[in-house]
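The sequence and the structure are shown first, and the description follows.

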Amino acid sequence: MSFAMAIVENALKMAEEKNLKRIESITVKIGELLLINPEQLKFCYQAASSGTMLEGTELKIEFERAEISCVSCGKKFKTPIYLCDSCGGFVSVQGGKNFVLKKIEARNGI
Amino acid sequence: MHKIEIEAEIDLIAENKRLAEENRKFLKEKGIKAINIMGAIGSGKTLLIEKTLDALGKEIKFGVILGDVVCKADHERIKKYDVKVEPINTGKECHLDAHLVNHVIDVFDDVDLILIENVGNLVCPVDFDLGENYRVTMVSVTEGDDVVGKHPEIFRLSDVIIINKISLAEAVEANIEKMIQDAKKINGRAIVMKMDLKTGEGFEDWINFVRNLVE
């Protein structure tokens with residue numbers, strides 16, 4: 001819920017700054033290693049945006065992939081692991097923890 | 001009416017990062033260490049704090065932050081001790097964040113070590129840096145021996161992993177070695193401790209860890 005509220009607060013602030021009249025969608029990018037369930041985020045967004053100019057707008061979700069690879073042999077992994085299962089080297093995990101309000105789509109004018 | 005796209009690129013967790021850094025700066029300036037104790041409901045977090053205060057209360061000046069949805073019960077337990085304690089009722093939220101800790105941290109300007117009990121949850125607390133020096137995650141064998149494998153992210157980012165209630169392992173058919181191996185697979189740098197807070201088994205390892213932190 002706190003993530004949904006952060007989206008709403010920041011989007012409303014930007015809408016005011018840019019004098020946006022009618023917002024159609026908000027796009028966020030979430031790191032795949034953050035423990036956010038996209039369906040739950042959409043549900044919470046509906047609740048958090050209720051009664052604001054964002055009510056009824058679409059929340060679009062993109063994912064930021066994490067780079068998980070062995071520092072010795074370069075083997076890539078889909079999920080974090082401490083040691084490489086091929087060569088025993090350390091596996092580094094980069095990214096995948098960001099949460100960014102990327103884009104606002106709106107209609108302006110008459 | 002025409003359609004426009006605004007490229008926002010706003011970091012939505014920037015505020016938490018900023019306040020965590022503020023907390024970290026406060027701790028560093030005052031020479032205080034802080035431990036964020038995470039774990040499921042009933043894993044033994046509050047008892048760990050009580051036993052730590054019992055064992056080291058005379059040699060280390062502790063502060064305690066208790067986070068819970070309603071933390072009256074834990075507050076009653078800890079306020080019997082001669083330590084500064086600040087309860088944080090999170091209300092709707094399932095985790096502490098840097099902002100909530102920032103509200104109370106000034107109270108602890110003269111302590112050596114702050115023990116922060118996070119809300120009972122193996123998921124959400126992971127994503128919120130509090131500005132702490134060490135992250136400890138506590139699990140009990142009664143949660144099932146697959147609990148570590150099911151929640152890799154919290155264990156990946158922990159400095160210490162405590163497996164509690166080991167005297168009950170046989171009764172609940174939990175394989176302690178599997179839990180240790182799962183923990184090491186995801187995070188080989190963490191210190192893994194087997195413990196039973198009721199019998200005291202393994203508790204000495206924790207006491208030595210805490211003592212070393214403040215020396």
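## Terms and basis

Two strands are said to pair if DSSP finds at least two bridges between them. The description below rests on a predicted model. Strands of a sheet pair through backbone hydrogen bonds, in either a parallel or an antiparallel sense.

## The seven-stranded sheet of chain B

Chain B contains an open sheet of seven strands, arranged in the order S4-S3-S5-S2-S6-S7-S8, and the pairing is parallel. Its edges are formed by strand S4 (84–89) and strand S8 (191–194) of chain B, each of which pairs on one side only. From one strand to the next, the twist averages 20°.

Helix H2 (residues 45–56) of chain B packs on this sheet. The helix touches strand S2 (33–39), strand S3 (62–68), strand S5 (113–117) and strand S6 (134–140) of chain B. The direction of H2 makes about 160° with that of S5(B).

## Strand S2 of chain B and its partners

Strand S2(B) is mostly covered, with six of its seven residues buried. Five bridges link S2(B) to S5(B) in the parallel sense. In this pairing, Ala34(B) stands opposite Ile114(B) of S5(B).

S2(B) also pairs with S6(B), again in the parallel sense and over five bridges. Here the bridge partner of Asn36(B) is Arg135(B) in S6(B).

Ile163(B) has Lys194(B) in S8(B) as its bridge partner.

Ile163(B) is also one of the residues in contact with Met179(B), which lies in helix H7 of chain B. Is Met179(B) buried or exposed? A residue counts as buried if 20 or more other C-beta atoms lie within 10 Å of its own. Met179(B) has 27 C-beta neighbours inside 10 Å, and therefore counts as buried.

Leaving aside neighbours within four places in sequence, the contacts of Met179(B) are Asp145(B), Val148(B) and Ile163(B). Val148(B) is 31 residues away from Met179(B) along the chain, yet their C-alpha atoms are separated by 6.2 Å.

## The form of chain A

Chain A has two helices and five strands. Read from the N terminus, its elements follow the pattern α-β-α-β-β-β-β. The radius of gyration of chain A is 18 Å, well over the 13 Å that the globule rule gives for 110 residues, so the chain is more spread out than a compact globule. Along its principal axes, the C-alpha trace of chain A spans about 60 × 25 × 15 Å.

Of the 110 residues in chain A, 29% are buried. Among the contacts in chain A with a separation of 6 or more, 69% involve residues 24 or more positions apart.

Which strands make up the open sheet of four strands, and in what order? The order is S2(A)-S1(A)-S5(A)-S1(B), and the pairing is mixed. Strand S2 (58–64) of chain A and S1 of chain B are the edge strands, each pairing on one side only. The twist in this sheet averages 20° from one strand to the next.

Within chain A, strand S1 (residues 22–31) pairs with S2(A) in the parallel sense over seven bridges. Thr27(A) stands opposite Lys60(A) of S2(A) in this pairing. Between the chains, strand S5 (residues 99–108) of chain A and S1(B) run antiparallel and are joined by eight bridges. Ala106(A) has Ile4(B) in S1(B) as its bridge partner.

## The contact between chains A and B

The contact between the chains involves 26 residues of chain B and 27 residues of chain A. On the side of chain B that touches chain A, the elements giving two or more residues are strand S1 (2–11), helix H6 (152–156) and helix H7 (176–186) of chain B. The largest share of this side, ten residues, comes from S1(B).

By residue type, the side of chain B that touches chain A divides into twelve nonpolar, three polar and eleven charged residues.

Technical notes: Residues numbered from 1 in each chain as written. Chains lettered and ligands numbered in written order. Predicted model: local features only at pLDDT ≥ 70, side-chain atom pairs only at ≥ 80, totals over all residues. Axes fitted to C-alpha atoms, helices over the stretch in contact; angles between N-to-C directions. Contact = placed C-beta atoms within 7 Å. Nonpolar A, V, L, I, M, F, W, Y, C, P; charged D, E, K, R; others polar. Rg over C-alpha atoms; globule rule 2.2 N^0.38 Å. Buried ≥ 20, exposed ≤ 12 C-beta atoms within 10 Å, placed from the backbone.
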